[in-house]
Amino acid sequence: MVTNLFSNFPVSALEGKEETFELLLTRPDIRIERIISTGQASPSGFWYSQPQSEWVTVLQGSAGLKFENETEVRVMNSGDFVNIPALCRHRVEWTSADETTIWLAIHYGEQTQTEEGEV
């Protein structure tokens, strides 16, 4: 079966009601998901801090990614990617309201002790 990252969106994503997370592949040490954003952002004061690392790219659209240890928001456009170490506090400041933002996220490894890592 062949699928396409730019089609077959869930109804809630098509209607722009909510950000959607779709699991594409999972294995013991890896999880790949497609995220579809239509203007959503992390709630005020909320920070992600995941036990696994995450490599994420914007395939379409744009977004602002903020890391707790940085003063500036990283603007991500189509083709941009970043690796987020396990337990690194980060948030989505904004996603484009003018076009659908499609992310591809690869979660890997699991943090078992505190790691120091540069984002």
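Two strands are taken to pair if DSSP finds at least two bridges between them. In this predicted model, three strands meet that description and form an open sheet in the order β5-β4-β7, with antiparallel pairing. The edges are formed by β5 (74-77) and β7, each of which pairs on one side only, and from one strand to the next the twist averages 30°. Strand β4, which covers residues 62-67, is joined to β7 in the antiparallel sense over five bridges, and here Ala-63 stands opposite Thr-95 of β7.

Where the chain leaves β7 (90-95) on its way to β8 (101-108), the loop between these strands holds Ser-96. Because its relative accessible area is 10%, below the 20% limit, Ser-96 counts as buried. Ser-96 touches Thr-38, Gly-39, Ser-62 and Thr-101, leaving aside residues up to four places away in sequence, while a polar atom of its side chain lies 3.2 Å from the backbone nitrogen of Asp-98.

Most residues other than glycine have a negative phi. Asn-8, however, has a positive phi, near 55°, and is found in the segment before α1 (11-14); this residue counts as exposed because its relative accessibility is 64%, over the 50% limit. Leu-87, which is not a glycine either, has a positive phi of about 65° and sits in the loop between β6 (81-84) and β7. With a relative accessible area of 40%, Leu-87 falls between the two limits and is therefore partly exposed.

Conventions: Residues numbered from 1 in each chain as written. Predicted model: local features only at pLDDT ≥ 70, side-chain atom pairs only at ≥ 80, totals over all residues. Heavy atoms only, no water. Helix = DSSP H or I, 4+ residues; strand = E, 2+ residues; numbered from the N terminus. Buried < 20%, exposed > 50% of the residue type's maximum accessible area, 1.4 Å probe, protein only. Polar contact = N/O pair within 3.5 Å; in protein donor to acceptor, adjacent residues only side chain to side chain. Contact = heavy atoms within 4.5 Å. Axes fitted to C-alpha atoms, helices over the stretch in contact; angles between N-to-C directions.
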